[in-house]
Amino acid sequence: MLSTLFLPLLSLSLGAYSLPQPTPTPTPPPIVRVAPALHARATTGIWSSIGCYADAGSHALTATAVNYGGTDVEYCESWCQQQSFSLAGVSNGNQCHCDNAIRNGNGPAASSACSLPCAGNSAEICGGGHYLNIYSYKTVTVTASTSTTSTTSTTSRTTTATTTSPPTGGSWSSVGCYVDGGSHALTATAANYAGNDVEYCENWCLQRSFTFAGMRNGNGCACDNAIRNNEAKAAESACSLPCAGDSSEICGGGHYVNIYAYKTGAGTTTTTTTTTTKTTTTTSASASATGWANLGCRVDTSDRALTGPMQQVNTNTIESCEQFCSSQGYVYAGVEYGTQCFCGNTLSNGAGGTTSSSDCNVACAGNSAETCGGSYRLNLYSHIGATASASSTMTSTSTAATSTTTGGSSTGGNGQKLVVAHHMVGNTYPYQQSDWANDIALASANGIDGFALNYGSDSWQPARLADAYAAATSYPNFRLFLSADMSSVSGSSTGDATNLANQVNQFINHPNQLKYNGGVVLSTFSGESSYFGQSSVNAGWQSVINQISVAVTFIPAWFVDPSTFGNYPVLSGAFNWNGGWPMSNTDITFSSDQQWISGLNGKLYIAPVTPNFFTHYSPQTYNKNWIYRNDDNLYATRWEMMIQNRAQIAITEIITWNDYGESHYIGPIEGAQPNSQAWVNGYPHTAWLDMTGYYASAFKTGVYPSIPKDKIYIYARPHPKAAQACCDSVAQPSNWQNTDDNFYVVVMATAAGTIILGTPPTPSSNSPTAAAASPSTAAVTAGVNKYKLALTPSNGMRATLMRGATQVLDLWPQDYVFNPTPSVYNFNAYVNMAST
């Protein structure tokens with residue numbers, strides 16, 4: 001556990017720098033130039049379509065791939081041919097994949113599954129969201145490289161090695177090592193190739209008429225006609241990775257790119273290029289330049305607390321390091337071991353915890369009157385007046401949105417992304433149609449496209465379903481679909497199949513009914529053991545679907561081994577209900593999702609996102625009494641996984657809108673609770689609903705939206721995890737040890753600043769920096785920032801956003817106390833927020 005200040009957490013994992021201590025300035029290997037020459041190419045031949053193929057998460061063609069805004073069939077064929085691959089596959093409109101075999105069990109699919117127009121030629125088809133159009137290259141003898149051959153069954157063509165007219169008569173020269181941050185210096189097109197070296201990348205870019213070629217990460221090649229995003233020149237030593245295809249050459253670094261420019265004639269470039277370098281002027285002070293705050297002596301590790309640019313110079317001072325980091329666009333500067341300067345926008349890799357000031361005891365190499373850290377110790381400074389790009393803390397996914405929600409339509413598919421919330425109809429007994437209208441309006445306002453209506457066997461629930469659909473008619477963009485709760489609805493007999501089908505048939509023509517990929521969406525909770533009087537589960541559910549009057553897109557939440565999905569042809573996809581929570585004492589990963597995506601083999605995947613889980617029923621009632629870990633800003637972190645992996649996800653489903661019994665509601669507390677008042681009343685979660693709009697927009701469009709207002713979100717449990725409740729007839733919940741006694745904060749910031757976290761007693765001083773609150777301070781960058789701090793028994797929690805001396809937001813819930821002596825067990829979360 002880290003001392004005092006816990007670190008901001010990010011979804012983006014940045015590369016780290018490991019410098020032995022002490023160490024001299026590293027000398028990069030020499031760059032050995034060889035005569036430019038194209039790598040070996042396949043001989044002239046014919047490309048033929050072999051059809052539309054499934055392209056699951058592990059992909060059908062895996063050797064190499066590229067995203068390019070000008071992709072069409074011929075471009076991809078030529079690109080794969082240049083890499084000496086015999087199979088070329090186009091997908092998602094703008095993606096090209098190459099290999100010499102079809103991998104991972106992906107097989108032929110219906111031609112209609114490949115329906116996206118190519119980004120570079122809308123008259124051609126370039127696959128689909130999880131489907132590839134694959135073409136096969138065969139060597140033949142031809143007399144012209146542009147002839148076209150046709151047969152009755154396939155369309156074939158021959159191609160030359162290039163699809164553009166590159167500049168000629170010039171030469172390449174190095175322009176140096178450049179910073180290559182999250183937005184990248186060269187952005188037009190890029191590829192990863194195991195045989196990458198300087199000459200390969202130069203020729204690959206030249207063939208596409210680009211005059212800048214950049215080598216990064218050893219195997220990466222990027223092209224453009226200008227250096228973008230104000231990326232600045234870096235020390236040559238920052239580019240130190242050998243090229244994957246020629247270890248005698250250098251191909252960039254973790255966040256650095258070796259850039260080469262193509263020049264024609266007497267030293268003139270074919271394209272005018274403007275390179276802008278950001279600079280920041282600082283004024284020296286006795287300890288730090290104006291606008292920089294001293295954050296004290298911090299622990300560093302070999303993985304590094306600050307993972308941005310670094311330099312190691314014998315003139316190192318606090319001021320020179322601050323100016324260097326500011327010029328690179330970073331808000332943290334750290335000086336270490338006299339000569340080292342590190343930059344970053346967050347503290348990473350479990351490092352950066354506070355330590356004794358005596359640990360920082362090495363004089364700065366450039367000013368012996370100053371202290372520049374120690375051995376794996378940083379003197380850390382924060383530029384509290386700086387404005388950083390939102391991409392420094394939250395980067396957009398690399399794949400642009402394939403489509404966006406269409407107003408007035410209840411259909412989806414072909415790559416469209418939707419966000420829905422699971423709504424428990426069983427908790428709506430007192431609802432009127434107006435209550436449904438209120439829920440729909442609130443959900444819509446926060447980026448939610450629809451409700452999955454979880455209904456059970458109660459006789460009154462069909463009437464509530466009818467009310468929901470009736471209310472939705474006033475919201476033409478909002479969608480509804482049924483989710484049969486098979487832990488309640490009977491699935492034993494043929495009559496049960498008819499009843500379920502009849503319930504679905506009631507709404508199939510309703511304008512708000514969700515249709516996806518041409519079928520009415522039907523989902524479930526459970527149902528993996530429902531035979532409906534048939535010989536198998538698959539046959540049972542097929543009997544239900546056969547009685548529904550229109551096509552059905554069946555995406556249940558079954559609790560089965562995802563590797564067995566192939567045994568159920570009835571499935572159109574699956575919803576991974578338990579994938580939303582970590583099942584142990586470690587934070588959530590995408591591994592469960594990946595198993596389901598792989599098992600679905602190209603079918604639709606609904607991914608869960610959820611903020612919390614706690615249920616506390618006795619054996620005499622529902623016999624449910626456990627928690628799942630909700631630490632480390634689970635809701636925000638899980639959303640970021642959805643956005644990062646959105647290409648593999650059709651729908652994100654929020655668990656839930658109103659399941660109070662399991663404490664994962666994001667809607668208001670209303671309706672009829674299932675005897676959960678003891679752990680729900682007084683614990684609002686609508687701050688998580690407010691957060692949803694930001695992430696839902698990013699998931700649906702592929703781009704994180706701008707942040708118009710500063711916001712702070714805060715949550716915590718009401719008592720220590722090991723506390724013993726004096727007066728609870730139900731035992732301590734299972735998994736209680738899988739959580740931590742912290743409070744968690746998300747800051748959405750319009751500009752850089754400082755966050756002060758504390759655990760003040762109540763009542764106490766109004767100052768957020770009062771000693772009694774044990775305050776800790778950290779830098780805030782423009783964008784999304786995450787923090788945590790250990791709770792203090794009997795005290796509260798507080799988060800204050802500052803810009804300079806101005807208090808922007810102060811969130812100090814007066815109705816929250818971390819109670820060390822609870823009367824009953826409660827692992828639900830108290831959630832609150834503040835906004836400008």
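This is a guided tour of a predicted model, taken selection by selection.

**Before starting**

Because the model is predicted, local features are reported only at pLDDT of at least 70 and side-chain atom pairs only at pLDDT 80 or more, while totals for chains, interfaces and linings use all residues. Residues are numbered from 1 along each chain as its sequence is written, and side-chain values use heavy atoms, with hydrogens and water left out.

**The whole protein**

Of its 836 residues, 56% count as buried, where buried means under 20% relative accessible area, exposed over 50%, and partly exposed in between, with a 1.4 Å probe and protein chains only. Among the contacts with a separation of 6 or more, 76% are between residues 24 or more positions apart; contact means heavy atoms within 4.5 Å.

**Stop 1: Cys201 and Cys221**

Show the cysteine side chains next. The structure holds 13 disulfides, a disulfide being a pair of cysteine sulfur atoms within 2.5 Å. Select Cys201 and Cys221, whose sulfur atoms lie 2.1 Å apart in a disulfide. This pair links distant parts of the chain, 20 residues apart: Cys201 belongs to helix 2 (residues 198-207) and Cys221 to strand 13 (residues 220-224). The link is right-handed, with 85° about the S-S bond, and both Cys201 and Cys221 are buried.

Asn192 and Cys221 are 29 residues apart in sequence, yet their C-alpha atoms are 6.3 Å apart in space. Leaving aside residues up to four places away in sequence, Asn192 touches Thr64, Ala65, Asn219 and Gly220. Asn192 is partly exposed, with a relative accessible area of 47%.

**Stop 2: two further disulfides**

Select Cys243 and Cys251, which are joined by a disulfide with an S to S distance of 2.0 Å. Their link is right-handed, with 90° about the S-S bond, and both Cys243 and Cys251 are buried.

Then move to Cys726 and Cys727, a disulfide whose sulfur atoms are 2.4 Å apart. The link of Cys726 and Cys727 is left-handed, with -90° about the S-S bond. Both Cys726 and Cys727 are exposed.

**Stop 3: helices 6 and 7**

Select residues 494-505 (helix 6) and 537-546 (helix 7), which pack at an angle of about 45° with their axes 8 Å apart. The axes are lines fitted to C-alpha atoms, for helices over the stretch in contact, and the angles run from 0 to 180 degrees between N-to-C directions. That angle makes helix 6 oblique to helix 7; angles under 35 degrees count as roughly parallel, over 145 as roughly antiparallel, 65 to 115 as roughly perpendicular and the rest as oblique. Helix 6 passes helix 7 in a right-handed crossing, meaning that the near helix is turned clockwise from the far one by less than a right angle, and anticlockwise if left-handed.

Show side chains at the contact: Ala497, Leu500 and Ala501 of helix 6 meet Trp541, Ser543 and Val544 of helix 7. By class, this contact has five nonpolar, one polar and no charged residues; Ala, Val, Leu, Ile, Met, Phe, Trp, Tyr, Cys and Pro count as nonpolar, Asp, Glu, Lys and Arg as charged, and the others, Gly among them, as polar.

**Stop 4: Asn517**

Turn to Asn517, in the loop between strand 29 (515-516) and strand 30 (519-525). Its phi is near 55°, a positive value in a residue other than glycine. Asn517 is partly exposed, at 44% relative accessible area.

**Stop 5**

Select Asp632, in the loop between strand 35 (625-627) and helix 9. Asp632 also has a positive phi, near 55°, and counts as buried at 6% relative accessibility.

Residues making the contact include Trp639 and Glu640 of helix 9 and Trp688 and Phe699 of helix 11. By class, the contact has eleven nonpolar, one polar and one charged residues.

**Stop 6: Ile655 and Thr656**

Finish at the cis peptide bond that joins Ile655 and Thr656, with omega about 0°. Thr656 lies in the loop between strand 36 (651-654) and helix 10 (677-680).

Conventions: Helix = DSSP H or I, 4+ residues; strand = E, 2+ residues; numbered from the N terminus.
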